[in-house]
Amino acid sequence: MSVFLRKRFEALKEYVPGEQPQGKTVIKLNTNEAPYPPGPETEAALNHEVAAGLRRYNDPGSLELKKAIAEHYGLRTENVFVSNGSDESLSMAFMGFGEDGAAYPDISYGFYSVFADLYGIPSKVVPLKEDFTIDPEDYADTGMLTVIANPNAPTGLELSLKDLEQIIEENRDHVVVIDEAYADFGTVTAIPLIEKHPNLLVIRTCSKSRAMAGARLGYALGSPGLIRDLEKLKFSTNPYNVNSMTAAAGTAAFRENTYYKEQVEQVKETRARAEEAFRKLGFRVIPSSANFIFVTSDKIDGKTYQEMLKEKGILIRHFDNRRISNYNRITIGTPEEMEKLFRVTEEILENC
Ligand SMILES: *Cc1c(COP(=O)(O)O)cnc(C)c1O
């Protein structure tokens, strides 16, 4: 740290992303990326025309991309905000709607507390129940911005639409953000509630179910008022936040939806097999509605298991948070990658 940093940032604890090994061949199951590449139309969209167009600024309104997203969900472009990853949408939601504080679960996406600190927003951290589920009663009239990841990460557990609507209704005076980074792998989405609830903001990403983590494309869906607020903040920080390459690829990705739907189905099949395989190996597996599983075993400590897999070239994610220190989050890879993981896990358990 230099002597020049503003005092208010001195104690800020930044978000620590999962490891991204450069160049090494490893089985990478630590950051919930898609195991398959983007679709053919998405790839073809990154063409000569887009390359030649780089000399110009991109459309700061991202209209083509917003149209593709709006069409896909049966919404209007006025309901759509696009951002540099969904992290940027989340950042702006905290920046814009955190006036009275922010409430979110103790075990959830680690970035929420970072944004709260960054913007000097007091947090109400609400413990998950003993079984890691969320009790909607705990969020009855929080009196502040409420942020719920559904499905939650890293547990993979999903709240029902009824429970979500209860939280949204009971917090009418504040914004409720539903972070749906993993919703394509589950059964519930709050998008149909947008029409009825002007305080609802659904935040989504192309990083997981649309195989574009490196393109950095996220979006927020909500009432026109909320979207205009986010636009105001965007035009006050980074008007060209979604670059022209990402906009072209993203537009194509929403127009070739069938490709991604098939990939998601494949991941769900592999997930079912992985849950079964881990249970057979004696692990406790939380039923997952996401593209990862959250597992623990009495036979091996969570941190040790993660380190031993790493020695064998397999990366998974371990969190130091006390309540979940014996768990690991494992991204669903290809069937071949998962077979290797099961074999290596069996070997590790035999030797401990
Ligand atoms: C991955 C993830 C995000 C952010 O993804 P981006 O790559 O920034 O779009 C947001 N929320 C949750 C819960 C996530 O797991």
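A residue is called buried here when its relative accessible area is under 20%, exposed when that area is over 50%, and partly exposed in between (1.4 Å probe, protein chains only). The structure is a predicted model, in which local features need pLDDT of at least 70 and side-chain atom pairs count only at pLDDT 80 or more, whereas totals for chains, interfaces and linings use all residues. Residues are numbered from 1 along each chain as its sequence is written, and side-chain values use heavy atoms, with hydrogens and water left out.

Ser 89 lies in helix 4 (residues 85-97), helices (H or I, at least four residues) and strands (E, at least two) being DSSP runs numbered from the N terminus. With a relative accessible area of 0%, Ser 89 is buried. When neighbours within four places in sequence are set aside, Ser 89 is in contact (heavy atoms within 4.5 Å) with Phe 81, Ser 83, Ile 203, Tyr 219 and Ala 220.

Tyr 219 also belongs to the largest nonpolar core, a nonpolar core being a set of buried Ala, Val, Leu, Ile, Met, Phe, Trp, Tyr and Cys residues joined through side-chain atoms within 4.5 Å. Of the 46 residues in this core, those that touch the most other members are Ile 69, Tyr 73, Phe 132, Leu 200, Tyr 219 and Leu 221. At least two residues are supplied by each of several elements, including strand 7 (200-205), strand 8 (218-222) and helix 9 (257-280), while helix 3 gives the most, with 5 residues. Apart from this core lies another, of 31 residues, among them Ile 27, Leu 281, Val 285 and Val 295.

Helix 9 and helix 11 pack with their axes 10 Å apart, at an angle of about 10 degrees; axes are lines fitted to C-alpha atoms, for helices over the stretch in contact, and angles run from 0 to 180 degrees between N-to-C directions. The two helices, helix 9 and helix 11, are therefore roughly parallel, since angles under 35 degrees count as roughly parallel, over 145 as roughly antiparallel, 65 to 115 as roughly perpendicular and the rest as oblique. Among the residues that make this contact are Arg 273 and Phe 278 of helix 9 and Leu 341 and Thr 345 of helix 11.

Leu 341 and Thr 345 of helix 11, together with Val 344 and Ile 348, also meet Tyr 305, Met 308 and Leu 309 in helix 10. The axes of helix 10 (residues 302-311) and helix 11 (residues 335-350) come within 11 Å and cross at roughly 120 degrees, which makes helix 10 oblique to helix 11.
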